Amino acid sequence: MERTRNEIMLDIWETYSRLSPENLSCDGELPRSAINKRRKSLETCLRTLKIELKEDVSEYDSLQWWLAEGMKQYGFFRPIMEVI
């Protein structure tokens with residue numbers, strides 16, 4: 001079953017959010033090795049999502065989508081997806 005553009009864009013936006021320094025390092029609590037492992041996993045996830053969407057989406061583009069479409073459809077808060 002194919003996912004909608006909005007479903008994929010939501011996952012892209014959430015993945016970029018998880019790549020922020022504060023989220024990636026758990027506010028500086030994680031050791032560098034754990035941060036690197038999380039970054040690699042999230043970047044792989046992001047590449048996969050972009051392939052699924054068939055579009056190269058920047059962090060800025062994902063934020064613009066969130067402000068224009070995401071909050072209307074999903075509300076301000078939504079549980080973050082689980083990323084391996």
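In this predicted model, the side chains of E52 and R3 meet in a salt bridge, with 2.9 Å from N to O. This pair links distant parts of the chain, since E52 belongs to helix α3 while R3 sits in the segment before α1, 49 residues apart. E52 counts as partly exposed because its relative accessibility is 33%, and R3, at 31%, also counts as partly exposed.

R3 also meets the side chain of D11 in a salt bridge of 2.6 Å, N to O, and D11 is buried, with a relative accessible area of 9%. A further salt bridge joins the side chains of E55 and R5 at 3.0 Å, N to O; here E55 lies in the loop between α3 and α4 and R5 in helix α1, 50 residues apart. Salt bridges that share partners join R3, D11 and E52 into one network, and a search of the whole structure finds five salt bridges.

Turning to the nonpolar residues, the largest nonpolar core has 17 residues, of which M9, I12, L53 and W65 touch the most other members. The elements that give two or more residues to this core are α1, α3 and α4. Leaving aside neighbours within four places in sequence, I12 is in contact with several residues, including L46, L49 and L53.

Another place to look is L24, which lies in helix α2 and counts as buried because its relative accessibility is 3%, where buried means under 20%. L24 and R38 are 14 residues apart in sequence, yet 6.9 Å apart in space, C-alpha to C-alpha.

Methods:
Residues are numbered from 1 along each chain as its sequence is written. This is a predicted model: local features need pLDDT of at least 70, side-chain atom pairs count only at pLDDT 80 or more; totals for chains, interfaces and linings use all residues. Side-chain values use heavy atoms; hydrogens and water are left out. Helices (H or I, at least four residues) and strands (E, at least two) are DSSP runs, numbered from the N terminus. Buried means under 20% relative accessible area, exposed over 50%, partly exposed in between (1.4 Å probe, protein chains only). A nonpolar core is a set of buried Ala, Val, Leu, Ile, Met, Phe, Trp, Tyr and Cys residues joined through side-chain atoms within 4.5 Å. Contact means heavy atoms within 4.5 Å. A salt bridge is a side-chain nitrogen of Lys or Arg within 4 Å of a carboxyl oxygen of Asp or Glu.
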